[in-house]
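Trainee: I've got the model open, and I'd like to know where its labels come from. Can you walk me through them?

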Amino acid sequence: MVDQSSVGHRFTPVTARVEPGRLRYFLNTLGEQNPVYRDAAAARAAGFAGTPVPPTYLFCLEMMDAEDPFEMLTSLNIDLARVLHGEQSFAYHAPVVVGDTLTFRPRVSSVTEKKGGALTLVVIDCEVTNQNGVHVADTSRTVVVRNG
């Protein structure tokens, strides 16, 4: 079972390039039609230096390019069959655009027991920087582990 000793645990950083084809596939999957995400001219007209990514794309990009997308589960001894998605959030500090190379640095920021220990909430915070070392975003996700 995950406990307070996991707080501060860092996972392997992930480096991922924002590629137009993969982004287009993501947009098509979501049914996202906003031209700002699909057309460089529309993105420039909206004030972006390039075609930006929608907020939730960072989670997908991190998992797609991770050498071991389940490292968090294996290193904390969490059984995938007991995992539920809790919540996720994003704080953008600068735009992320096609052509950027991002580095994700995830770490466990909190572990909380709920329902008398029946559930454990593990919060993973992640700092995201671009190829210029600019801190572009912070993401947070809560993984709910059913115990027992």
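**Labels and their cut-offs**

Trainee: Why are helix 1 and helix 3 called oblique to each other?

Mentor: Start with the values: helix 1 (residues 20-30) and helix 3 (residues 57-65) pack at an angle of about 125°, and their axes are 12 Å apart. Axes here are lines fitted to C-alpha atoms, for helices over the stretch in contact, and the angles run from 0 to 180 degrees between N-to-C directions. Angles under 35 degrees count as roughly parallel, over 145 as roughly antiparallel, 65 to 115 as roughly perpendicular, and the rest as oblique. The value of about 125° falls in "the rest", so helix 1 and helix 3 are oblique.

Mentor: Before we go on, this is a predicted model: local features need pLDDT of at least 70, side-chain atom pairs count only at pLDDT 80 or more, and totals for chains, interfaces and linings use all residues. Residues are numbered from 1 along each chain as its sequence is written, and side-chain values use heavy atoms, with hydrogens and water left out.

Trainee: Which hand does the crossing of helix 1 and helix 3 have?

Mentor: Helix 1 passes helix 3 in a right-handed crossing. The rule is that a crossing is left-handed if the near helix is turned anticlockwise from the far one by less than a right angle, and right-handed if clockwise.

Trainee: Which residues of helix 1 and helix 3 meet?

Mentor: R22, L23 and F26 in helix 1 meet Y57, C60, L61, M64 and D65 in helix 3. The residues of this contact divide into six nonpolar, no polar and two charged. Here Ala, Val, Leu, Ile, Met, Phe, Trp, Tyr, Cys and Pro count as nonpolar, Asp, Glu, Lys and Arg as charged, and the others, Gly among them, as polar.

Trainee: How many helices and strands does the chain have?

Mentor: There are four helices and five strands, in the order β-α-α-α-α-β-β-β-β along the sequence. Helices (H or I, at least four residues) and strands (E, at least two) are DSSP runs, numbered from the N terminus.

Trainee: What makes T139 count as buried or exposed?

Mentor: Check the accessibility: buried means under 20% relative accessible area, exposed over 50%, and partly exposed in between (1.4 Å probe, protein chains only). T139 is at 3%, so it counts as buried. T139 sits in strand 5 (residues 135-146). Leaving aside neighbours within four places in sequence, the residues in contact with T139 (heavy atoms within 4.5 Å) include L58, F59, S89 and F90.

Trainee: And how do you know whether H85 is buried or exposed?

Mentor: H85, in strand 2 (residues 83-92), has 58% relative accessibility, so H85 counts as exposed.

Trainee: What about T112?

Mentor: T112 lies in strand 3. T112 has a relative accessible area of 32%, so it is partly exposed. Beyond its neighbours within four places in sequence, T112 is in contact with Q4, L119, T120 and L121.

Trainee: Which residues of helix 3 are buried?

Mentor: They are Y57, L58, F59, L61 and E62. Their cover includes strand 1 (14-17), helix 1, strand 2, strand 3, strand 4 and strand 5. For the whole chain, buried residues make up 37% of the 148 residues.

Trainee: How many disulfides are there, and how do you know?

Mentor: A search of the whole structure finds zero. The nearest cysteine sulfur to that of C60 belongs to C126, 13 Å away. A disulfide is a pair of cysteine sulfur atoms within 2.5 Å, so the 13 Å between C126 and C60 is too far for a bond. C126 is buried, at 2%, while C60, at 30%, is partly exposed.

Trainee: What is there to notice about the phi of N77?

Mentor: Most residues other than glycine have a negative phi. N77 isn't a glycine, yet its phi is positive, about 55°. N77 sits in the loop between helix 4 (71-75) and strand 2 and is exposed, at 69%.

Trainee: What phi does K115 have?

Mentor: K115 has a positive phi of about 55°, and isn't a glycine either. Look for K115 in the loop between strand 3 (101-114) and strand 4 (119-129). At 69% relative accessible area, K115 is exposed.
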